[in-house]
Amino acid sequence: MEEARLATSEQDLYKSYGYSEELLPKMPNQRDWGMSNYITVWMGAVHNIMSYMTVAGFFILGLNTKQVILAVMVSASIVAAFYCLNGYAASKYGLPFAMLLRDTFGVKGAIIPALCRGLIAGLVFFGTTTVVGAESLNIIFARFIPNYLSLGGDFNLLGLTVPTMISYVILWTVTVLLFLGGMNVLNKFGSWSSPVVYVFIVGAAVWAINMAGGFGPIFDYVPKTPTSSPLVFIACVSALVSNWAGPVVNISDFTHRAKSPKDFIIGLPIGFILSYILFAITCVSLIAGTEIAFGEPIFNIVHAIDKIENTISVIVLILALNVGATAFCVFANLLPAGLQMTALFPKLFTVKSAGILTAIIGTLILPWKLVESATTLFYFYSFIGSIFGPIAGIMLSSFYIHRKRKINLDHIYVPEGSNGEYKNGYNPIAMIVLGISFILPMSGAFLKSVPFLVKMNEFAFFSGLIVSFILYSFFGKLSKSN
């Protein structure tokens, strides 16, 4: 777990090329994240409403409680492993994601995967997370404002009702203002938000367990239409992994600040897996517990929370979940979007202006349409997995198979007008493999008559990653340098 040492003269040279402070490789004195930072970074964000809805979908697809818990923990282990594998290069060289992409895809070729992660996925996740959070705020407002959910009658704007519109604007504003506060505010927010989320989510789980008559009935719960198909189980694991596929791809935006590779390789898996143990317990308690108690399957976790009679408990719990969701939105979507867009178009954007643009476009894509049901949610995850799986696979193959864990920074930080290592600035093999690895799993969503492609789509993240890793490992050596 060696760490590359960058000389001050090298950083000064790269700075003279016009690269901003955010894009330069971090010097040893700039690497300020220790093991404790990585243990806590995702602790609160794990408990976000989208993740709860995803797991609720597992029950709808027929998994029982034991299978759901296993699926959650397998997913957490896979995500933690990919964090370590894909984050190591950045922790060694102090490289942010936007610049690390250049090593694999070329100086100009990096634009495509950077746009996929920073803008496309960032805005989609921002929009879906915010609209789900807005629907949860409706529950709070309805407890205090008579007929709040009836405001506007049957009127809706492109499918968005007036109450949700109001709640969406409020949550959108809070999230953007938090993002604009900068890293100091974000770090403080992350440090106090996790304990708040944990205290109240555990309280909700205790309530659900009591309502169901103890954890025994919850642990033995079987849905009305159970399944024993291993393919359904794998599809569920793939969906939950896809929920974290964005951070998996750009985890270097966090690990490039590590004091040493060891700090994140030990700290991040510990924090993530321990967080998911609690998530698994609270999640099945709330979802299965409320179904046992009230006799109806619940896809949206907010509807389960609304069953709680005590208004104060409902308010605190929903706010706690929104703290986790907001942290996820800011750290995993707006911040990466801002960093990638600034790297691509430094004359047009700052990190903050690019983040705001992401939040605006994330609303214009009508994200409420993507979370209407378990079917649309899993379709959304197949799209995300089809994008992120191939990017991660190519990056891993490039760094571990072809580069032998060594990176030449002079090929990444080049003067304006230079194409770097690859002719015309593009690594052609990487671009071709990226296209093939995206098209194959995604085509299964449309070519329903081809069973193999349908299965690839159901396991989109894994399919894209495996195909891209194999193809690039085999053909990557054909990439022509200048």
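Leaving aside its neighbours within four places in sequence, which residues is Ser437 in contact with? Before I answer, a word on where this comes from: this is a predicted model, in which local features need pLDDT of at least 70 and side-chain atom pairs count only at pLDDT 80 or more, while totals for chains, interfaces and linings use all residues. Residues are numbered from 1 along each chain as its sequence is written, and side-chain values use heavy atoms, with hydrogens and water left out.

Ser437, then, is in contact with Ser386, Pro390, Gly464, Val467, Ser468 and Leu471, once neighbours within four places in sequence are set aside, and contact here means heavy atoms within 4.5 Å. Ser437 lies in helix α18, residues 428-443, where helices are DSSP runs of H or I with at least four residues, numbered from the N terminus. Ser437 counts as buried because its relative accessibility is 0%; buried means under 20% relative accessible area, exposed over 50%, and partly exposed in between, with a 1.4 Å probe and protein chains only.

Let me turn to the largest nonpolar core, which has 143 residues. A nonpolar core is a set of buried Ala, Val, Leu, Ile, Met, Phe, Trp, Tyr and Cys residues joined through side-chain atoms within 4.5 Å. Trp42, Trp244, Phe272 and Tyr276 touch the most other members, and the largest share of this core, 16 residues, comes from helix α15, residues 311-344.

Next, a pair of helices. Helix α7 (residues 162-180) and helix α16 (residues 351-364) pack at an angle of about 165 degrees, their axes 10 Å apart; axes are lines fitted to C-alpha atoms over the stretch in contact, and angles run from 0 to 180 degrees between N-to-C directions. The two helices are therefore roughly antiparallel, a term used for angles over 145 degrees. Among the residues making the contact are Trp172 and Phe179 of α7, and Ile356 and Ile360 of α16.

Finally, two residues in loops. Leu366, in the loop between α16 and α17 (374-402), has a positive phi of about 55 degrees although it is not a glycine, and at 23% relative accessibility Leu366 counts as partly exposed. Arg405, in the loop between α17 and α18, has a positive phi near 65 degrees, and Arg405 is partly exposed too, with a relative accessible area of 38%. Most residues other than glycine have a negative phi.

How values were computed:
Angles under 35 degrees count as roughly parallel, over 145 as roughly antiparallel, 65 to 115 as roughly perpendicular and the rest as oblique.
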